[in-house]
Amino acid sequence: MRISPDEWVFWTFGSYELSATIIFTWLIMFLLAVMSFAITRRLSDEGEISPMQNFLEVLVTGLSDQIRDVSRQDPSRYLPFVGTLFIFIAVSNLLSIIPGYVAPTGSLSTTTALALSVFIAVPIFGIASRGLFGYLKQYVQPTPFMLPFTVISEFSRTVALAIRLYGNAMSGAMIVGILISITPFFFPVVMQLLGLLTGLIQAYIFAVLAIVYIASAAQEENSKKRNDEHSEKEI
Amino acid sequence: MEINWVTVAAQIVNFLVLIWLLNKFLYGPITRAMTARQERVRERLADATRTQQEAEQERLKLKTERGDIHKAKEDLLSAARDEADQLQSDLEKQAREDVELQRQAWLNQLQGDKEDFLNDVRRRAATEFFALAEKAFAELADEAFEKRIVALFIVRLKTMDANSLSKLKDAAGRKESSVRIESAFELGLNERQAINQCINEISDGEVKITYANTDELIAGIRLRIDSQSVEWSLNSYLDQLQERLEESFAGAQPDEERQAAE
């Protein structure tokens, strides 16, 4: 039984191994791209719209509203990044209902890659919004003595992001594997359903934390404190 | 639990590619479609608002026009009512005048008819009476009747008024003046002497007296002095009969006028 997709190697080229993590990630990317293209190829902007277009509009509108509620900023600039985080993680976790599929998010490499993406995106959005000096100034506020702690916070929350998602995704697969060996008929199904819910929640948590971090770095000084309190309260 | 950094790098690249793909095939088209639809809805709302405003303006305009039309109608009705009242008043006045004219014409006609009738009655009565009287007097006329007439004439002479008496006395004083006695029948000698004697007595002198017969008098005698005259005849009684007949018709006239008015 494979708990991590990294252990499932399809092809080896020298020291590099093409694992199921990459394969299933490509599969997810392919599915999302093809389905999006197929649906958005014939969009209707008046009259009746197709159910799938309606679903995508609900999805995009929901993501935009969520980003706006959390960041109190225009969601259009954050939507591609945060929305893709949510959709990728959610689809990756939801597809685990398919036999033989192993979620890429169960790989610590994948969650680390996503956490590093957030880690990199935070200063990029912050500098783009406030300028380099304005972004760096927040590390020495309210006092320069806070600088080490702020830097540690940046790294630790990135690690926490990666470990949280990896732990939840991996533990779901592990629990199912253990239960199958003990009670092979009823409980694995229940745990699989619970895993679907957990996977969706993890996708939401990861995306919301990402937008909280990004918005915190990008927003203006006068509303920073208020929004920090608001965001932490929501989380 | 280990991290393969090559896989991490590959997943970062994969994630960035996925961002690009979804941005191209999902977020962009969906956002544009929703924006276009929102814009269209906004335009339709603006059109609807503009149409509603135009409808409201049109409604106010029509309301104003309807008020004007109603006012004009009221004015026309009022003018027509006044004109009708005036016309009715004029027609009533005209009708009253016509009726009054007709009534007056009818009354005039009636008055003419009455007068014609009275004249006719008087003429017939007089004619018949005269015929009867003449017949009766002709049958009764004898010396006694004529003596009675002469006696009554003499009484009338003796009771004549002062003016006539004064003129009679003046005539007696003048030689050229004469008294003319006209009678409906031939006076006998005795009657003439009685009359002469009476005139001479009341005139205190000799008066020249001439006698003549006349058809104007009916069974009567008349004394003429210049423009004065004293007589006794049936003419006066016939005149009285005529007056009484006229009075009788005059008394009946108000009833006729009332009936004519009705």
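A salt bridge here means a side-chain nitrogen of Lys or Arg within 4 Å of a carboxyl oxygen of Asp or Glu. With that rule, 13 salt bridges are found over all chains. Please keep in mind that this is a predicted model.

How many salt bridges are there between chain B and chain A? The count is 1. The partners are A:E57 and B:R37, and their closest N and O atoms are 2.3 Å apart. On the chain A side, A:E57 sits in helix α2, residues 51-71, while B:R37 belongs to helix α1 of chain B, residues 5-140.

Now the rest of the interface. The size of an interface is often given as the accessible area lost when the parts come together. For chain B and chain A the buried area is about 3,200 Å², with carbon and sulfur atoms giving 73% of it. Which residues of chain B lose the most area to chain A? They are B:Q11, B:F15 and B:Y27, and together they account for 20% of what that side buries.

On polar contacts, 8 residue pairs are found across the interface of chain B and chain A, both residues at pLDDT 80 or more.

The largest pocket holds about 620 Å³ of space. It is lined by 30 residues, and A:S96, A:Y101, A:A173, A:V176 and A:Q192 are the closest to its centre. Helices α6 and α7 of chain A, the latter spanning 187-218, each supply at least two residues of this lining.

A search of the whole structure gives 3 cavities of 30 Å³ or more. The largest cavity has a volume of about 50 Å³. Which elements give two or more residues to its lining? Those are α4 (108-130) and α6 (147-182) of chain A. Among the lining residues of this cavity are A:F119, A:E154, A:R157 and A:Y213. In classes, the lining of the largest cavity divides into 6 nonpolar, 1 polar and 2 charged residues.

That is the end of my part.

Key: Residues numbered from 1 in each chain as written. Chains lettered and ligands numbered in written order. Predicted model: local features only at pLDDT ≥ 70, side-chain atom pairs only at ≥ 80, totals over all residues. Heavy atoms only, no water. 1 Å grid on protein atoms, 1.4 Å probe; cavity = no way out; pocket = protein on both sides within 12 Å on 5 of 7 lines; lining within 4 Å. Points joined across faces, edges and corners; volume = space filled by probe spheres on them. Helix = DSSP H or I, 4+ residues; strand = E, 2+ residues; numbered from the N terminus. Nonpolar A, V, L, I, M, F, W, Y, C, P; charged D, E, K, R; others polar. Buried area = accessible area lost by both parts, 1.4 Å probe. Polar contact = N/O pair within 3.5 Å; in protein donor to acceptor, adjacent residues only side chain to side chain.
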